[in-house]
Amino acid sequence: MILGQFIILGAALFSLGVYGVLTRRNAVLVLLSVELMLAAVNINFVAFDTYARDAVAGGQIFSLFVIAVGAAEVGIGLAIILLIFRNRQSANVDELDLMKL
Amino acid sequence: MLQLLATANAALLATEEGGHAAEALSDGGLLASMAWLIPVVPMVAAFAIVFYGKRMPYKGWDIAIAVMGFEALYGTALLLAHIANPIAHDFQIEIARIGSMPIEWGWAVDGLSIMMYFLVGVVGFFVFLYAKGYMEGDIRYTWFFASFTLFAGGMLVLVSAPNMIQLIVGWELVGVSSWLLIGHYWEDHANSSAAIKAMITNKVADVGLFVGAIIVSMSVGSFRFSDILHAVETGAAEAPTLARYAFWAGLALFIGAMGKSAQFPLHVWLPDAMAGPTPVSSLMHAATMVTAGVFLVGRMFPFYLTEGFATEVRSVIIIVGALTLFLTGLIALVQDDIKKVLAYSTLSQLGYMTAAMGAGAYTAGLFHLFTHAFFKALLFLGAGSAIHAVHSNNMSDMGGLKKDMPYTYWTFVIGSLALAGIVPFAGFFSKDEILASIRYASGEFSVADGGGSLASIVLVLAISGAFITAFYMARTVFLTFHGEYKGDGHPHESPRIMWVPLVGLAVPSAVIGLINIPGATEVFTKLVGGREIPVLDHHAESFDVAMLLAGLAAALLGIFIGWRIWGPDKETQPARDTFRIPLLYPLLENKYYIDDFYMDGVIRPIRGPVARAINWTNGYVLDFIINGAGLLAMSVGKVVYWFDQRGVDGAINASGAVTGAGGGMLRLLQTGKVQQYAILIFAATVIMVGGLVIWF
Amino acid sequence: MEWFESGWGLSLVVFLPLIGAVVLLAIPKAEEETQKWTALLFAGASFVLSVLLVFRFDFGEAGMQLGTNVDWITAINSSFHIGVDGISLPLVVLSTFITLLSIIYSWEHWPEPHNPKAFLILILILATGMAGTFVALDLILFFVFFEVVLLPMYFMIGIWGDRDEITIPVFNITTQMRLYASIKFFLFTLFGSAFMLLGFLVLYFKGGRTFDMLELASNGAEGLLGSGLAVWVFAALFLGFAVKVPMFPLHTWLPDAHTAAPTVGSVLLAAILLKLGTYAFVRIAIPILPEQSQNWAPVIAILAVIGIIYASLACLAQTDMKRLIAFSSVGHMGFVMLGIATMTPIGINAAIIGMVAHGVITGLLFFLAGSMSHRYHTREMARLGGNQTLMPIMGAILGFTAMASLGLPGLAGFWGEFMALLAAFSPAAGLSTTLFRTLMVIGAVGTVLAAGYLLWMLQKVNFGEPKDEWAGHEFHDVDIFEKMAWVPMIIAVIAIGIFPRLVFGATNDSVIDLVAKAFGG
Amino acid sequence: MSDWITHPENWAFALIALPMLLAAFRAVTSRNVVHSVLYLVVALAATAALFLLLGAEFVAWSVVLVYIGAVVVLFLFGIMITRAPLGMETELSHSNQTKIGAALVSGALFALVTVATVRGFGEEEIVANPTRTGEIGQSMFERFVIPFEVVSVVLLAALIGGIVLARRDPVEGDEALQ
């Protein structure tokens, strides 16, 4: 195995995630795409960790942190979406245009 | 004290051994090495008076008089020791080193400075004594003595200076104490203005002093006078830098001297300085402080005398001196204020000293400085005594004081005779020496090309000056002490504390000239000649009979005419009082319009339009640019924001044409939709990072 | 004392005030006494330690001492490199000294709105920034300290500043003095700093990848830059420093900032902040870019002398006492810059003693102006007058300080001015003597104008009869806190005046060394 | 590169990676919300498999437990609560215009990241070496103990934040509460 294959795979997964983030209207699906991006990052972490033979397994540890933080993010994110839905009766991102005054 | 006696004794022995054994210069022993007390004691005392003066029995005067007594004694002791055995030694204490040049405090003990120590000490002592009576009941009695002592200290710092730095320090200290004392009654705007005028005029001249001192010191690489004068002594070839800038340095230093010694046209401050209490006028603006300029030229004299250095400057000096002595003497003729008369007379006498210096007569100039200090101090104190009695400065309020104030009268007459140059009073000898020196300069001692004829003109002016001097002094004496009393109340003699100093000063005024009779006594010549670097000036070995007679005749004529006009006849007096010479009188009355020129031509424009223009520039030009830039940035920001907020959307909504021409792109940019912003962010990131990737 | 000399002493001097500020944060707002004593304790400790530094300092040694060099931001090779030499030592002591006195003075003179806690915190942060700038030997560290100073001063002016309405000429915008002055101060300085940082970065990237001032100087960073780039680097540094000094024509923030700032703010601004710029010239511009310094020296000198004359004339037109003093600062800093521009040991020595003297004297003048306007509720000189009668001690101190400010020989101010002129007579080899000598004479004329405006100020403020409007007012003369703050300054002015070795003794060897290294003397 | 194909792990990699990319693609494009979530499950499971391939067992099982076990369930709940349309839905994504833009951007991003990282590390060999869970634990509680504690605080904060945000405010007269 070479590092390149993992990197390319990670990049592809990440780009797909980005694509999802950019195109999905439904907020839940945006979050879901973010999870894909996180997974891509994790792949890179673990691949580099194995490649570097890190004594303290820093890459793996960090991917664990990413998982944990990702889980937290989903929790909070869904809670926010829930709140928005409750207030605006919609979970569509493009209707959240309060930024445009 | 034992040491003092021992030194004097040894010195006497040395003189007895032979005439020229005294030429060997001694370092003065303990007496000289303790001479640092001379400048330091009054400085410390000034602070002591400020803080503790009020608690003393005589409110600070006691400290001051003790200090001046000490100065007088120490000065006399040094003088005696020096006469016995010439002392010339510099003491230096390094206080810093800047680059490789040391900065030092120190004290010079040589003929010139000893003469000044003695002068400041003795005259100062009498004036301080007198001041107790004169200032009795003053609102700021203690403060007066503090500043007066500070002045004495400053003057002694100045004359004890063995280097340029200390000279400047003393110079400015004297200036400041002068400012304090002229403005002593600062409640009155005129007085503080006079004080400021004195300080500013001196400051203008100080530019010259600074520049001159800098040029000289930097060229030689040392601030010490001894080093500078050694460089001069070795000749222009050995000190090329100094020689190259000698003219400018000499001129600049002389400009500095013109300020303190109130030479034309920087003399304007001195008459106004009479706003201070009379003892101040007496000590500072007659006897000592104003001699600082002459002292400076004397200190640097070899520089002005040695070929290859600042010899050309001497023609400037002599012209300035002659103009001063003549023009200011004339003004004295028309003054009513007795102190103003004496002030202009002081200017005139300072002109004599300066002219003598310019003529290359070191000894003569300093001798006149020496004698003048005594009789001018005496005259001021006498005038003060009269003012004290009649509560007015104006001679038109006096008259007939002779019978009420005998001590004042007789001492004043002695002073006047001395000033007028009547034999055998002090002024006679010194003025005669100056005339002789100028004549000598006009004959053999070429000042510059064509300098001979220049000195001849100066000679004529100087002899006329002698006449004018005698004339206005006669006027003063007759108007003040003779005739009918014209003021209010009944005048009476001043208290003893005031007339004792008058007598004390009258004695030297009468006899001190005898110490330097050409061909007979040469105590003074040896005194001021006792310096490390000898001053090779011309000094007459015998009387110049022609000049002696000319000067004496001019003086006697002056007194005679004065007596004819203001003396005996009472009936015609009012007519004469109101008589005005048509053209000359307004000119003199207005002091040649010089003051007006300075005020309206220089000071007011600078304080007014020029300063306001600069301030305007600051507010309206520089700040305009700054504020303009700031406000411009702000309005650009506002436009962008407006464009951002309304312009784009508004335009799109309003006009389909705009939509067609790229409206889609713009709408994409500004939708308020998060994801489209996100696209842009990602795109921008990709482009930027891509750029970097391609770059490396 | 091993620990003290190995950098801890110096670090404590710098950071004790900051620790004090943090401690103050924890003290409840109501407990003013505790706050004051805490601030005093930390500022006092910092001052005492800085004096101790003087005693541990080896005056025979020209190089950096008592410092340390610890890795800080390794990624950009920037380290916590501090140290003092003869040039920075007097300034460090000056900054701790003035800070301490400011806190003493503040004891019962709080500007409105009353909030001692915040005010003291700002003073302490300022103290750290000021002392830090003088000891930093790493460009990034220097920059950080240099900027740390900015914010507290901004808030000081903006919050406690003068609330008078002013109208900006030409644009006719009316705003409060403090707002205008604070924003002007902030933007001006930030503008300069931006260029300065740019210069630092170019030095880093092109001058050997280091931010260490000493290394940059000894590596000949200037040679690495090449003269084409060095010109621009110097220009950028020049802008940054000149704004802070401030040099004509970048000075216009100063009169406004000084006038608007609360008393202590003006004092710190005048006494220390202005020195950051001049110090940077000596510490950074000359050693690192000697050739460019020399190329630029005529420009600096001409601007300095224009500043002297310009400021003096502007002073003559002022009616506001504080503004007059502020303008006089521009003139005095002109002398300092003239000294630096000569690039000679004498000139730089003169500059440093000039900085110290100006710090003490102008600081004192601002204290006085502040105290007087506190009592009279006006700074208009036309309305004052007769102050000497109403408050004799205050008047006497004002007179003394004005004398010191006009460069009276025998007091501190003289040395800086005179020596700067002295140096201008023979500038460093390669500089035009004709130009510098002309500037010397013009500078000397500046002293006349200085005497003029200060004497006229004294005449207007101190002399004459008190105005009718003060009849019946009871004025309390100098109080104990003012005395405690001012007497040390007066003593310092006299002591430095009589015995300038107090400053020159420290600076001379270091300056000679600096000039020799920069110009190969 | 030529002997790449001869190594069996590479076959395994390809077997995992291809379905993973496919699933990911479908997850971001599917018109059915629930399908999207299920595709995500596939993609995440493939990730876990890759981790196993690399010897990172603990991480792999964590992914399975946390993501597949918990997060996906959370998503499904979210979908149901927000009443997203469960069937085929055209409105799930933006217009084609946006899609093209997004595709361009993400394509460029992919190219960029690939070029940059492959240029840097592409040819480096990887030899899988299983990491024992004990090592992970040791490392976690020695070298990374402070980040670990921080993460635990983050989780706690997320927990509280989630509750606060999602809880329905007790409004008086609210029928749901009575």
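The radius of gyration here is taken over C-alpha atoms, and the globule rule to hold against it is 2.2 Å times the number of residues to the power 0.38. What you have open is a predicted model, where local features need pLDDT of at least 70 and side-chain atom pairs count only at pLDDT 80 or more, while totals for chains, interfaces and linings use all residues. Residues are numbered from 1 along each chain as its sequence is written, and chains are lettered from A and ligands numbered from 1 in the order in which they are written.

**Chain C**

Select chain C. For its 521 residues the rule puts a compact globule near 24 Å, and the chain has 22 Å, which agrees. The C-alpha trace spans about 70 × 55 × 50 Å along its principal axes. Switch to cartoon and you get 21 helices and 4 strands (DSSP runs: H or I of at least four residues for helices, E of at least two for strands, numbered from the N terminus).

Colour by burial next: 63% of chain C is buried, meaning 20 or more other C-beta atoms, placed from the backbone, within 10 Å of a residue's own. Contacts need C-beta atoms, placed from the backbone, within 7 Å. Of those joining residues at least 6 apart in the sequence of chain C, 78% link residues at least 24 apart.

**The cores**

Now for nonpolar cores: sets of buried Ala, Val, Leu, Ile, Met, Phe, Trp, Tyr and Cys joined through C-beta atoms within 7 Å. The largest has 459 residues, and Val123(B), Ala355(B), Ala377(B), Ala462(B) and Leu124(C) touch the most other members. Zoom in on Val123(B): beyond neighbours within four places in sequence, its contacts are Leu283(B), Ala287(B), Thr288(B), Ala373(B), Phe374(B) and Ala377(B). Apart from that core lies another, of 78 residues, including Leu3(A), Phe48(A), Ala23(D) and Val71(D).

**Where A meets D**

Show chains A and D together. Of the 4 pairs of chains that touch, this one has the most contacts, with 60 residues from chain A and 77 from chain D. On the chain A side, α1 (3-23), α2 (27-52) and α3 (58-88) each supply at least two residues, and α3(A) gives the most, 20.

**Last stop: α2 of chain D**

Pick residues 33-53 of chain D. At 1.5 Å a residue, this 21-residue helix should span 30 Å, and its end C-alpha atoms are 30 Å apart, which agrees; the expected span is 1.5 Å times one less than the number of residues. Just after α2(D), click Gly55(D), where phi is positive at about 90°.

How values were computed
A residue is buried if 20 or more other C-beta atoms lie within 10 Å of its own, exposed if 12 or fewer, and partly exposed in between; C-beta atoms are placed from the backbone. Two residues are in contact if their C-beta atoms, placed from the backbone, lie within 7 Å.
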